[in-house]
Amino acid sequence: MAIQKLIYTDANVETSQEHPNTMVLMVEDGMYQKYKGGDKSIPLGEVVSSYKVFKYANPGKSGKLGHPSKREMEDTFGTSRDHDIVLFMLEKGKLHGKTELEKGELHGKMMI
């Protein structure tokens with residue numbers, strides 16, 4: 001299955017002078033589409049590639065991915081609980097482009 005980047009940037013920060021954090025969650029494309037289409041019976045573990053949230057190292061929606069700090073996650077999502085963040089991202093995130101990543105490519109494309 002293809003893995004897609006689901007991104008979220010806080011709209012309030014995006015329009016200000018601050019540099020917003022763009023958060024990224026890797027999702028299984030087909031399962032995400034079914035989940036987003038209303039099938040909430042799908043286990044989250046089948047929708048997301050992992051419960052790890054990433055952020056772009058520099059402002060914007062491209063470049064190297066790193067790990068956000070607990071503070072950045074709390075500032076962006078109001079929590080640092082993985083489960084709550086995944087639900088938030090699935091609800092408000094947007095698929096980024098048409099890029100498909102195969103599971104074996106993930107470690108080469110991100111700073112982990």
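Predicted model: local features only at pLDDT ≥ 70, side-chain atom pairs only at ≥ 80, totals over all residues.
Local features need pLDDT of at least 70, side-chain atom pairs count only at pLDDT 80 or more, and totals for chains, interfaces and linings use all residues. Residues are numbered from 1 along each chain as its sequence is written, and side-chain values use heavy atoms, with hydrogens and water left out.

Trainee: Which side chain does the side chain of threonine 9 make a polar contact with?

Mentor: Start with location. Threonine 9 lies in strand E1 (residues 3-9); strands are DSSP runs of E, at least two residues. Threonine 9 is buried at 13% relative accessible area, where buried means under 20% (1.4 Å probe, protein chains only). Its polar contact (N or O atoms within 3.5 Å, one able to donate a hydrogen and the other to accept it) spans 2.9 Å, to the side chain of threonine 22.

Trainee: How many residues of strand E2 are buried?

Mentor: Check both faces. Thr22, Val24, Met26 and Glu28 are buried on one side, and Met23, Leu25 and Val27 on the other. So E2 (residues 22-28) is largely enclosed by the rest of the structure, and the buried count is 7 of the 7.

Trainee: In E2, which residue is the bridge partner of isoleucine 7?

Mentor: E1 and E2 pair in the antiparallel sense over 7 bridges. Pairing requires at least two DSSP bridges. The bridge partner of isoleucine 7 in E2 is valine 24.

Conventions. Helix = DSSP H or I, 4+ residues; strand = E, 2+ residues; numbered from the N terminus. Buried < 20%, exposed > 50% of the residue type's maximum accessible area, 1.4 Å probe, protein only.
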